[in-house]
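Me: I would like to go through this structure with you, step by step. Could we begin with how the helices are packed?
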Amino acid sequence: MVMDMMDEKEGEPARARILQAAADLFAEDGYKATSVRRICEAARVNVAMVNYYFHSKEELHLAAFDHARALARASAADVAAASAQAQLPPVEQLRLAIEALVSDMLRPGPASLFSRLVARELIEPTAAIHKLAERNVRPQHALFTQLIRGVVGAAMPGEVVQKCVFSVIGQAVFYARSRTVHELVVPEITYDEAGIASIAQHVAAFSLAALDGLRRQHAAQAGA
């Protein structure tokens with residue numbers, strides 16, 4: 001049995017199938033609702049293979065995040081780094097990062113797996129939340145804190161900046177996790193390529209307008 005699992009031709013494809021099935025199911029149904037048996041059925045392997053490669057469901061969960069991240073297209077962090085290198089104004093850096101975040105969460109297929117897993121974890125935290133926070137959530141939070149601070153200025157209170165970060169990311173999570181309701185209540189909002197681009201542009205424009213209003217309000221209060 002062990003020799004079969006260690007066979008390179010059979011073992012590596014099986015491991016990849018397990019990771020893909022786990023990432024898909026965890027993103028769609030959540031950690032609690034996804035059993036190892038369901039993952040095995042989807043991956044066409046037996047439970048012993050999951051135990052051999054990952055040792056536990058929690059470790060498989062963490063590995064699924066790493067697998068999904070490797071499949072992702074340009075993330076918000078990648079877009080922000082490129083825009084900073086291009087010396088774009090802070091507002092444009094944030095606009096592009098928000099659009100990338102929303103698009104990544106809504107786009108179907110492997111490219112959006114990572115963002116959908118993060119969105120699921122934010123809504124339904126698991127026992128792995130601390131590790132996932134260090135690996136994935138905290139870096140994204142730090143990125144948007146930096147970008148929003150660059151737009152609102154150094155004088156804006158830190159508490160307000162943090163609420164702005166949650167508001168921006170929260171919009172992306174809301175669209176990602178409430179899609180079924182949206183399609184029933186507001187069917188004119190579509191989730192095809194053009195529809196996703198429209199949603200991403202709206203969230204970015206809405207967020208930037210709100211941040212500009214807060215910046216103006218704070219400056220007026222400070223000058224009063």
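Reply: The axes of helix α7 (residues 90-106) and helix α10 (residues 158-177) come within 9 Å and cross at roughly 20 degrees. Here axes are lines fitted to C-alpha atoms, for helices over the stretch in contact, and angles run from 0 to 180 degrees between N-to-C directions. Helices are DSSP runs (H or I, at least four residues), numbered from the N terminus.

Me: Are α7 and α10 roughly parallel or roughly antiparallel, and why?
Reply: α7 and α10 are roughly parallel to each other, because angles under 35 degrees count as roughly parallel and those over 145 as roughly antiparallel.

Me: What is the handedness of the crossing of α7 and α10?
Reply: That crossing of α7 and α10 is right-handed, meaning that the near helix is turned clockwise from the far one by less than a right angle.

Me: What should I know about the model itself?
Reply: This is a predicted model, in which local features need pLDDT of at least 70 and side-chain atom pairs count only at pLDDT 80 or more, while totals for chains, interfaces and linings use all residues. Residues are numbered from 1 along each chain as its sequence is written, and side-chain values use heavy atoms, with hydrogens and water left out.

Me: New topic: how many salt bridges are there?
Reply: The count is nine salt bridges, each being a side-chain nitrogen of Lys or Arg within 4 Å of a carboxyl oxygen of Asp or Glu. Side chains of opposite charge can pair when their charged atoms come close.

Me: Which residue forms a salt bridge with E124?
Reply: E124 is bridged to R120, and their closest N and O atoms are 2.8 Å apart.

Me: Is R120 buried or exposed?
Reply: R120 is buried, at 12% relative accessible area, whereas E124 is partly exposed at 35%. Buried means under 20% relative accessible area, exposed over 50%, and partly exposed in between (1.4 Å probe, protein chains only).

Me: Where do R138 and E134 lie?
Reply: Both R138 and E134 belong to helix α9 (residues 129-152), four residues apart, which is about one turn of the helix. Their side chains meet in a salt bridge of 2.9 Å, N to O.

Me: Which residues are linked with D212 in a network?
Reply: D212 is linked with R215 and R216 in a network of salt bridges.

Notes:
Helix = DSSP H or I, 4+ residues; strand = E, 2+ residues; numbered from the N terminus. Parallel < 35°, antiparallel > 145°, perpendicular 65-115°, else oblique.
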